[in-house]
Amino acid sequence: MDPRSRDERFMRRALELAPGGLARVEPNPMVGAVVVRGDRVVGEGFHARFGGPHAEAVALAQAGTEARGAELFVTLEPCCHHGKTPPCTDAILAAGVRRVVAAVGDPFPEVRGRGFAILQQAGLEVEIGVLETEARRLNAAYFKRQATGLPLVIAKWAMTLDGRLATASGESRWISSEAARRRVHELRRIVDAVLVGARTARMDEPRLTVRHVEPLAERGQPARVILDAALSLEPDREPVRSAAEVPVLIYTTDDGLRNEAERAAALRRAGAVLVAAPKAPGGVSPEAVLRDLGARGMSRVLVEGGARILGSFFAAGLVDRVLVFVSPKILGSAGALGPVGGPDGLALAEAVAVQDATFSQAGPDLMIEGRIGEF
């Protein structure tokens, strides 16, 4: 077998293992590792929970004495610093591994090439870049936060076959099927926050919680984030009404806090956290909101609407992924709302391109997933 093909075969196994830590290891990255002796896997593992053993340590422990003289395939550069666990480079050297194959370097400042350098200086053969693209996609949220400080943004909406998000009166329950809604709840349980605009919150009173599936025990419910520049939300209506049980962050402006001081006090008494953010055309700056969420340690944010909010995130170039459900219904209403608002007069050349699009079924609905930009 070609050496590169062999390396890719074992790295694919490490990449298959890594998602076992999805939504349980954040803000750390998901990592998988495989120990190979000859062409035989003698140990494997993944980083299963934040603060728990890293993938390399798990795989090496499983391999035991067979790790001596073996190869280690790992999806990310081994750590070389003391954090919640000892350095993986120490475990690799102590195990007697002769060769380390890594998919991609770790951009974390305390690692960033030092892990590879320590192994090479100790005489190990180190191969870097095997299935790098796949490894970067796997940990897109981690790489984005390290590069920009911002969480990964997933824009989601459901629409009719003729491209309508809601009726002219704003009615939107339920355009999508129960199977589609279950898929959304599966996504909600692995994100840190679900974000909507104030108009959507006022009209729909959405709970924005995980319901169709069980929340992950390690995470609980995602935070509910509402952009409300004028501070118009009512404390006795959802989602604020349940803020004492599930966190609610309301991003408003200094003007909103000043003009609605009594409402602000009532919202805080209900349990909501109010954050003043810079203004942007039409409301609150979406980039400022994301920067604050990133500073709070959030890795993934699901933006669920409405049209103006989705439009503001697209216009600012802040959307990384899309999840769209197309229901086989035709509303046939000229006044009905489209899913993404924005300025008129744009040319087709200015359209946002969706890459790596996939198409599948969610009950009767078509589910479209895709990537936008670097992450």
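How many disulfides does the structure hold? The structure, which is a predicted model, holds 0 disulfides.

**Cysteines**

Cysteine 80 takes part in no disulfide, and the nearest cysteine sulfur, that of cysteine 79, lies 7.0 Å away. A disulfide requires two cysteine sulfur atoms within 2.5 Å. For cysteine 88, the closest cysteine sulfur belongs to cysteine 79 at 3.6 Å, which is too far for a bond.

Are cysteine 80 and cysteine 88 buried or exposed? Cysteine 80 has a relative accessibility of 10% and therefore counts as buried. Cysteine 88, with a relative accessibility of 3%, is likewise counted as buried. The cut-off behind this reasoning is that a buried residue has under 20% relative accessible area.

| Residue | Relative accessibility | Class |
|---|---|---|
| Cysteine 80 | 10% | buried |
| Cysteine 88 | 3% | buried |
| Glycine 311 | 6% | buried |

**The chain as a whole**

The secondary structure of the chain consists of 12 helices and 16 strands. Its radius of gyration is 23 Å, close to the 21 Å that the globule rule gives for 375 residues, so the chain is as compact as a globular protein of that length. Along the principal axes, the C-alpha atoms of the chain fill a box of roughly 70 × 45 × 40 Å.

Of the 375 residues in the chain, 50% are buried. When contacts in the chain between residues at least 6 apart in sequence are considered, 74% of them join residues at least 24 apart.

**Glycine 311**

Where does glycine 311 lie? Glycine 311 is part of helix α12, which covers residues 307–315. Because its relative accessibility is 6%, glycine 311 counts as buried.

Which residues are in contact with glycine 311, leaving aside its neighbours within four places in sequence? These contacts are with Val340 and Gly341. Glycine 311 and glycine 341 are 30 residues apart in sequence, yet their C-alpha atoms are 4.5 Å apart in space.

Notes:
Residues are numbered from 1 along each chain as its sequence is written. This is a predicted model: local features need pLDDT of at least 70, side-chain atom pairs count only at pLDDT 80 or more; totals for chains, interfaces and linings use all residues. Side-chain values use heavy atoms; hydrogens and water are left out. Buried means under 20% relative accessible area, exposed over 50%, partly exposed in between (1.4 Å probe, protein chains only). Helices (H or I, at least four residues) and strands (E, at least two) are DSSP runs, numbered from the N terminus. The radius of gyration is taken over C-alpha atoms; the globule rule is 2.2 Å times the number of residues to the power 0.38. Contact means heavy atoms within 4.5 Å.
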